[in-house]
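Here are my notes on the ligand site. Please read them with the structure open.

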Amino acid sequence: MSQNISLTRYLVEQQRVDGLIPSQLRLLIEVVARACKSISHAVNKGALGGVLGAAESENVQGEIQKKLDIIANEVLIEANEWGGHLAAMASEEMEDIYAVPNRYPQGEYLLLFDPLDGSSNIDVNVSIGTIFSVLKKPDGDAAVGEKDFLQAGHNQVAAGYCVYGPQTTLVLTVGDGVAMFTLDREQGSFVLTQENVQIPPDTKEFAINMSNMRHWDTPVKRYVEDCLQGSEGPRGKDFNMRWIASMVADVHRILTRGGVFLYPWDKREPNKPGKLRLMYEANPMGWLIEQAGGAASTGTQRILDIVPEKLHERISVVLGSKNEVAHINSYFSKL
Ligand code: AHG
Ligand code: MN
Ligand code: MN
(Lines give C-alpha, C1' and ligand atoms only; values in the text may rest on other atoms or scores of the structure.)
(Ligands and ions follow the chains in the order given, each with its own letter.)
Protein backbone atom coordinates (compact mmCIF):
# COMPACT_ATOMS: atom_id res chain seq x y z
CA MET A 1 0.00 0.00 0.00
CA SER A 2 0.79 3.73 0.04
CA GLN A 3 4.56 3.14 -0.37
CA ASN A 4 5.06 6.44 -2.17
CA ILE A 5 3.06 8.82 -0.04
CA SER A 6 5.38 11.06 1.93
CA LEU A 7 4.30 12.85 5.10
CA THR A 8 4.39 16.10 3.10
CA ARG A 9 1.99 14.73 0.48
CA TYR A 10 -0.27 13.21 3.14
CA LEU A 11 -0.53 16.57 4.92
CA VAL A 12 -1.07 18.54 1.70
CA GLU A 13 -3.93 16.18 0.83
CA GLN A 14 -5.41 16.47 4.31
CA GLN A 15 -5.35 20.23 3.84
CA ARG A 16 -6.50 20.40 0.21
CA VAL A 17 -8.86 17.50 -0.24
CA ASP A 18 -10.38 17.14 3.17
CA GLY A 19 -9.90 20.68 4.49
CA LEU A 20 -8.94 19.09 7.79
CA ILE A 21 -5.85 21.11 8.57
CA PRO A 22 -5.04 24.77 8.00
CA SER A 23 -1.69 25.53 6.32
CA GLN A 24 -0.13 26.79 9.56
CA LEU A 25 -0.88 23.48 11.26
CA ARG A 26 0.53 21.59 8.29
CA LEU A 27 3.74 23.59 8.56
CA LEU A 28 3.87 22.96 12.31
CA ILE A 29 3.59 19.18 11.88
CA GLU A 30 6.23 19.19 9.14
CA VAL A 31 8.62 21.14 11.36
CA VAL A 32 8.05 18.78 14.29
CA ALA A 33 8.70 15.83 11.95
CA ARG A 34 11.93 17.44 10.75
CA ALA A 35 13.04 17.92 14.35
CA CYS A 36 12.25 14.26 15.07
CA LYS A 37 14.39 13.25 12.11
CA SER A 38 17.27 15.20 13.59
CA ILE A 39 16.72 13.63 17.03
CA SER A 40 16.61 10.20 15.38
CA HIS A 41 20.04 10.83 13.83
CA ALA A 42 21.47 11.89 17.20
CA VAL A 43 19.94 8.81 18.89
CA ASN A 44 21.40 6.56 16.18
CA LYS A 45 24.91 7.91 16.64
CA GLY A 46 24.82 6.98 20.32
CA ALA A 47 28.29 6.73 21.84
CA LEU A 48 29.85 7.82 18.52
CA GLY A 49 28.09 11.18 18.82
CA GLY A 50 28.90 11.59 22.51
CA VAL A 51 25.18 11.83 23.30
CA LEU A 52 24.88 9.09 25.92
CA GLY A 53 24.94 9.54 29.69
CA ALA A 54 23.66 12.08 32.16
CA ALA A 55 23.92 15.85 31.95
CA GLU A 56 24.78 17.73 35.12
CA SER A 57 21.29 19.09 35.68
CA GLU A 58 17.81 18.32 36.98
CA ASN A 59 14.50 19.18 35.34
CA VAL A 60 11.43 20.71 37.00
CA GLN A 61 10.25 17.21 37.95
CA GLY A 62 13.45 16.72 40.00
CA GLU A 63 14.73 14.09 37.55
CA ILE A 64 18.39 13.99 36.49
CA GLN A 65 18.45 15.02 32.85
CA LYS A 66 20.21 12.90 30.25
CA LYS A 67 22.27 14.62 27.57
CA LEU A 68 19.71 13.53 24.98
CA ASP A 69 16.82 15.04 26.99
CA ILE A 70 18.51 18.41 26.62
CA ILE A 71 19.61 17.92 23.01
CA ALA A 72 16.12 16.85 21.92
CA ASN A 73 14.55 19.80 23.75
CA GLU A 74 16.89 22.25 22.00
CA VAL A 75 16.32 20.67 18.59
CA LEU A 76 12.53 21.05 18.97
CA ILE A 77 12.76 24.66 20.13
CA GLU A 78 15.23 25.75 17.45
CA ALA A 79 13.22 24.07 14.71
CA ASN A 80 9.91 25.60 15.80
CA GLU A 81 10.57 29.12 17.07
CA TRP A 82 11.09 31.00 13.79
CA GLY A 83 8.41 29.57 11.45
CA GLY A 84 5.58 31.93 12.45
CA HIS A 85 3.19 29.06 13.25
CA LEU A 86 3.53 29.12 17.05
CA ALA A 87 2.73 31.45 19.92
CA ALA A 88 4.57 29.37 22.53
CA MET A 89 5.95 25.97 23.47
CA ALA A 90 6.03 23.95 26.69
CA SER A 91 8.20 20.97 27.51
CA GLU A 92 8.83 18.38 30.19
CA GLU A 93 12.35 19.77 30.35
CA MET A 94 11.41 23.43 30.98
CA GLU A 95 9.74 24.78 34.09
CA ASP A 96 7.99 27.65 32.30
CA ILE A 97 6.46 28.05 28.88
CA TYR A 98 8.72 29.27 26.07
CA ALA A 99 7.03 32.17 24.26
CA VAL A 100 8.18 32.70 20.69
CA PRO A 101 10.72 35.58 20.83
CA ASN A 102 9.53 38.98 19.57
CA ARG A 103 11.96 38.93 16.66
CA TYR A 104 9.90 36.19 15.02
CA PRO A 105 6.30 36.32 13.78
CA GLN A 106 3.69 34.93 16.19
CA GLY A 107 1.31 32.16 15.19
CA GLU A 108 -1.87 30.87 16.78
CA TYR A 109 -0.74 27.42 17.92
CA LEU A 110 0.73 26.09 21.16
CA LEU A 111 3.10 23.12 21.04
CA LEU A 112 3.76 20.83 24.00
CA PHE A 113 6.31 18.04 24.04
CA ASP A 114 8.12 15.37 25.94
CA PRO A 115 11.33 15.71 23.90
CA LEU A 116 12.74 12.35 24.93
CA ASP A 117 10.42 9.79 26.45
CA GLY A 118 11.90 6.70 28.09
CA SER A 119 15.16 8.39 29.16
CA SER A 120 16.23 5.40 31.26
CA ASN A 121 16.46 3.41 28.00
CA ILE A 122 18.79 5.75 26.10
CA ASP A 123 22.06 4.27 27.32
CA VAL A 124 20.88 0.66 27.02
CA ASN A 125 19.87 0.95 23.36
CA VAL A 126 16.16 0.29 23.88
CA SER A 127 13.36 2.16 22.03
CA ILE A 128 12.70 5.75 23.10
CA GLY A 129 10.66 8.54 21.54
CA THR A 130 9.35 12.09 21.31
CA ILE A 131 5.71 12.88 22.19
CA PHE A 132 3.90 16.05 21.07
CA SER A 133 0.54 17.75 21.44
CA VAL A 134 -0.83 20.82 19.65
CA LEU A 135 -3.45 23.23 20.99
CA LYS A 136 -4.82 26.50 19.67
CA LYS A 137 -4.16 29.66 21.65
CA PRO A 138 -7.53 30.93 22.86
CA ASP A 139 -8.70 34.07 21.03
CA GLY A 140 -7.60 37.39 22.39
CA ASP A 141 -4.70 39.76 21.95
CA ALA A 142 -3.20 39.27 25.39
CA ALA A 143 0.37 38.04 25.53
CA VAL A 144 0.59 34.28 25.65
CA GLY A 145 0.83 32.76 29.13
CA GLU A 146 0.66 29.42 30.93
CA LYS A 147 -3.11 29.80 31.33
CA ASP A 148 -3.52 29.51 27.52
CA PHE A 149 -2.13 25.98 27.73
CA LEU A 150 -4.51 24.81 30.45
CA GLN A 151 -7.05 23.21 28.13
CA ALA A 152 -8.61 19.76 28.26
CA GLY A 153 -7.10 17.14 25.92
CA HIS A 154 -10.24 17.03 23.78
CA ASN A 155 -9.19 20.47 22.49
CA GLN A 156 -6.03 19.09 20.86
CA VAL A 157 -5.81 19.79 17.12
CA ALA A 158 -2.90 17.46 16.43
CA ALA A 159 -0.99 14.91 18.49
CA GLY A 160 1.61 12.27 17.87
CA TYR A 161 4.89 10.67 18.73
CA CYS A 162 8.00 9.51 17.00
CA VAL A 163 9.48 6.23 18.21
CA TYR A 164 13.23 5.69 17.76
CA GLY A 165 13.47 1.91 17.65
CA PRO A 166 14.54 -0.67 15.08
CA GLN A 167 12.68 1.70 12.75
CA THR A 168 11.96 5.37 13.30
CA THR A 169 8.18 5.74 13.05
CA LEU A 170 6.11 8.90 13.30
CA VAL A 171 2.52 8.35 14.44
CA LEU A 172 0.04 11.16 13.96
CA THR A 173 -3.57 12.18 14.43
CA VAL A 174 -5.28 15.40 13.40
CA GLY A 175 -8.67 14.03 14.48
CA ASP A 176 -9.24 11.89 11.42
CA GLY A 177 -7.87 8.54 12.58
CA VAL A 178 -4.26 7.53 13.13
CA ALA A 179 -1.57 7.27 10.45
CA MET A 180 1.96 5.87 10.74
CA PHE A 181 4.99 7.03 8.73
CA THR A 182 8.32 5.20 8.63
CA LEU A 183 11.53 7.17 8.15
CA ASP A 184 13.18 6.20 4.88
CA ARG A 185 16.80 7.09 5.59
CA GLU A 186 17.84 6.87 1.94
CA GLN A 187 15.17 9.35 0.84
CA GLY A 188 15.39 11.32 4.07
CA SER A 189 11.62 11.47 4.39
CA PHE A 190 8.78 9.93 6.37
CA VAL A 191 6.70 7.59 4.20
CA LEU A 192 3.11 6.56 4.96
CA THR A 193 3.16 2.90 6.00
CA GLN A 194 -0.20 2.52 7.75
CA GLU A 195 -3.46 4.42 7.65
CA ASN A 196 -6.61 4.09 9.72
CA VAL A 197 -4.84 2.25 12.56
CA GLN A 198 -7.34 0.25 14.66
CA ILE A 199 -6.70 -1.30 18.07
CA PRO A 200 -8.39 -4.67 18.64
CA PRO A 201 -11.07 -4.11 21.35
CA ASP A 202 -10.07 -7.21 23.36
CA THR A 203 -6.65 -8.28 24.52
CA LYS A 204 -4.66 -10.77 26.59
CA GLU A 205 -1.69 -8.45 27.14
CA PHE A 206 -1.15 -5.87 29.87
CA ALA A 207 1.73 -3.48 30.60
CA ILE A 208 2.45 -2.27 34.12
CA ASN A 209 5.56 -1.92 36.28
CA MET A 210 4.95 -4.92 38.57
CA SER A 211 7.68 -3.86 40.99
CA ASN A 212 5.26 -1.25 42.31
CA MET A 213 2.58 -3.81 43.19
CA ARG A 214 2.78 -3.33 46.94
CA HIS A 215 2.12 0.40 46.48
CA TRP A 216 -0.94 0.04 44.22
CA ASP A 217 -4.48 0.90 45.11
CA THR A 218 -6.97 -1.98 45.61
CA PRO A 219 -8.66 -1.84 42.14
CA VAL A 220 -5.31 -2.15 40.33
CA LYS A 221 -4.19 -4.99 42.63
CA ARG A 222 -7.43 -6.88 42.04
CA TYR A 223 -7.30 -6.41 38.27
CA VAL A 224 -3.72 -7.68 37.96
CA GLU A 225 -4.33 -10.56 40.41
CA ASP A 226 -7.27 -11.68 38.27
CA CYS A 227 -5.14 -11.51 35.09
CA LEU A 228 -2.34 -13.50 36.73
CA GLN A 229 -4.72 -16.37 37.54
CA GLY A 230 -5.00 -16.93 33.81
CA SER A 231 -7.37 -19.49 32.37
CA GLU A 232 -8.13 -20.86 35.86
CA GLY A 233 -9.20 -17.46 37.21
CA PRO A 234 -12.17 -15.15 36.70
CA ARG A 235 -10.85 -13.87 33.34
CA GLY A 236 -10.80 -17.36 31.87
CA LYS A 237 -7.75 -16.68 29.70
CA ASP A 238 -3.97 -16.55 30.03
CA PHE A 239 -2.39 -13.10 29.95
CA ASN A 240 1.00 -11.96 28.73
CA MET A 241 2.89 -9.02 30.24
CA ARG A 242 5.22 -6.39 28.72
CA TRP A 243 6.89 -3.35 30.27
CA ILE A 244 9.38 -1.40 28.17
CA ALA A 245 9.64 1.67 30.46
CA SER A 246 9.21 3.93 27.42
CA MET A 247 5.57 4.95 27.12
CA VAL A 248 6.07 5.56 23.38
CA ALA A 249 7.23 1.99 22.83
CA ASP A 250 4.44 0.50 24.96
CA VAL A 251 1.81 2.64 23.20
CA HIS A 252 3.27 1.76 19.82
CA ARG A 253 2.88 -1.94 20.59
CA ILE A 254 -0.72 -1.35 21.69
CA LEU A 255 -1.54 0.59 18.51
CA THR A 256 -0.02 -2.26 16.52
CA ARG A 257 -1.49 -5.34 18.21
CA GLY A 258 -3.67 -4.21 21.11
CA GLY A 259 -3.14 -4.41 24.86
CA VAL A 260 -3.47 -2.15 27.87
CA PHE A 261 -0.96 0.15 29.53
CA LEU A 262 -1.31 1.20 33.17
CA TYR A 263 0.66 3.73 35.15
CA PRO A 264 -1.78 4.25 38.02
CA TRP A 265 -1.56 6.48 41.07
CA ASP A 266 0.25 4.65 43.86
CA LYS A 267 1.20 5.12 47.49
CA ARG A 268 4.86 6.01 46.91
CA GLU A 269 3.94 9.67 46.44
CA PRO A 270 0.32 9.78 47.62
CA ASN A 271 -0.03 13.52 47.06
CA LYS A 272 0.75 13.25 43.35
CA PRO A 273 -2.09 11.99 41.14
CA GLY A 274 0.30 9.76 39.18
CA LYS A 275 3.75 9.66 37.61
CA LEU A 276 3.03 10.52 34.01
CA ARG A 277 2.37 14.06 32.88
CA LEU A 278 -1.10 14.97 31.64
CA MET A 279 -0.39 17.57 28.99
CA TYR A 280 2.51 16.09 27.03
CA GLU A 281 2.26 12.37 27.79
CA ALA A 282 -1.29 11.27 28.71
CA ASN A 283 -3.26 13.69 26.48
CA PRO A 284 -1.49 13.09 23.16
CA MET A 285 -1.30 9.33 23.77
CA GLY A 286 -4.90 9.26 24.99
CA TRP A 287 -6.14 11.00 21.85
CA LEU A 288 -4.14 8.71 19.53
CA ILE A 289 -5.54 5.68 21.34
CA GLU A 290 -9.12 6.98 21.11
CA GLN A 291 -8.66 7.83 17.44
CA ALA A 292 -7.62 4.22 16.86
CA GLY A 293 -10.78 2.92 18.56
CA GLY A 294 -9.30 2.42 22.03
CA ALA A 295 -9.97 4.17 25.35
CA ALA A 296 -7.94 6.25 27.82
CA SER A 297 -8.98 6.82 31.43
CA THR A 298 -7.66 7.53 34.90
CA GLY A 299 -9.64 4.52 36.12
CA THR A 300 -12.56 6.77 36.99
CA GLN A 301 -12.62 9.48 34.30
CA ARG A 302 -11.85 10.01 30.61
CA ILE A 303 -8.36 11.53 30.42
CA LEU A 304 -9.22 13.94 27.59
CA ASP A 305 -11.92 15.62 29.70
CA ILE A 306 -9.59 16.73 32.49
CA VAL A 307 -8.97 20.47 32.61
CA PRO A 308 -5.40 20.93 33.84
CA GLU A 309 -4.63 23.30 36.68
CA LYS A 310 -0.93 23.50 35.95
CA LEU A 311 1.47 22.82 33.11
CA HIS A 312 3.32 19.89 34.63
CA GLU A 313 0.24 18.25 36.16
CA ARG A 314 0.48 14.49 36.67
CA ILE A 315 -2.19 11.90 36.12
CA SER A 316 -3.07 8.25 36.60
CA VAL A 317 -3.17 6.48 33.21
CA VAL A 318 -5.06 3.42 31.91
CA LEU A 319 -5.18 3.15 28.12
CA GLY A 320 -5.48 0.71 25.25
CA SER A 321 -7.97 -1.88 23.98
CA LYS A 322 -11.46 -0.52 24.57
CA ASN A 323 -13.13 -3.47 26.30
CA GLU A 324 -10.15 -4.13 28.56
CA VAL A 325 -10.01 -0.46 29.67
CA ALA A 326 -13.76 -0.63 30.40
CA HIS A 327 -13.11 -3.80 32.41
CA ILE A 328 -10.35 -2.08 34.43
CA ASN A 329 -12.64 0.90 35.06
CA SER A 330 -15.21 -1.50 36.53
CA TYR A 331 -12.76 -2.45 39.34
CA PHE A 332 -12.61 1.24 40.28
CA SER A 333 -16.39 1.64 40.30
CA LYS A 334 -16.76 -1.42 42.58
CA LEU A 335 -14.89 0.38 45.36
P1 AHG B 1 10.44 10.22 30.74
O2 AHG B 1 11.64 9.45 30.27
O3 AHG B 1 9.97 11.22 29.72
O4 AHG B 1 10.62 10.82 32.11
O5 AHG B 1 9.20 9.24 30.81
C6 AHG B 1 9.35 7.95 31.38
C7 AHG B 1 8.01 7.44 31.73
C8 AHG B 1 7.35 6.58 30.66
O9 AHG B 1 7.88 6.68 29.39
C10 AHG B 1 7.46 5.18 31.17
O11 AHG B 1 6.33 4.45 30.86
C12 AHG B 1 7.64 5.34 32.64
O13 AHG B 1 8.15 6.62 32.86
C14 AHG B 1 8.56 4.32 33.23
O15 AHG B 1 8.55 4.47 34.59
P16 AHG B 1 9.20 3.40 35.60
O17 AHG B 1 10.69 3.54 35.44
O18 AHG B 1 8.69 3.87 36.93
O19 AHG B 1 8.71 2.03 35.23
MN1 MN C 1 8.01 10.68 29.16
MN1 MN D 1 11.06 12.84 28.77
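**Notes on the ligand site**

1. Start with Asn209. An N or O atom in the Asn209 side chain is 2.7 Å from an oxygen atom of ligand 1. Keep in mind that this model is predicted.

2. On its own, ligand 1 has 470 Å² of accessible area. The protein covers 87% of that area. Ligand 1 sits in the largest pocket.

3. Asp117 has a polar side-chain atom 2.7 Å from an oxygen atom of ligand 1. For Glu92, a polar side-chain atom lies 3.0 Å from an oxygen atom of ligand 1.

4. Then take in the whole shell. Ligand 1 is surrounded by 18 residues. The closest are Asp117, Ser119, Asn209, Met247 and Tyr263. Sorted by class, the shell holds seven nonpolar, four polar and seven charged residues.

5. Which elements give two or more residues to the shell around ligand 1? They are strand E5 (109-117), strand E13 (260-263) and strand E14 (276-277). E5 gives the most, with three residues.

6. Finally, step back to the domains. Where does ligand 1 lie? Domain 1 (7-194) gives residues to the shell, and domain 2 (205-333) does too, so ligand 1 lies between them.

Methods
Residues numbered from 1 in each chain as written. Chains lettered and ligands numbered in written order. Predicted model: local features only at pLDDT ≥ 70, side-chain atom pairs only at ≥ 80, totals over all residues. Heavy atoms only, no water. Near = heavy atom within 4 Å. Polar contact = N/O pair within 3.5 Å; in protein donor to acceptor, adjacent residues only side chain to side chain. Areas by Shrake-Rupley, 256 points an atom, 1.4 Å probe, with all protein chains shown as cover. 1 Å grid on protein atoms, 1.4 Å probe; cavity = no way out; pocket = protein on both sides within 12 Å on 5 of 7 lines; lining within 4 Å. Sits in = over half its atoms within 2 Å of the grid points. Helix = DSSP H or I, 4+ residues; strand = E, 2+ residues; numbered from the N terminus. Nonpolar A, V, L, I, M, F, W, Y, C, P; charged D, E, K, R; others polar. Domains from an automatic or database assignment.
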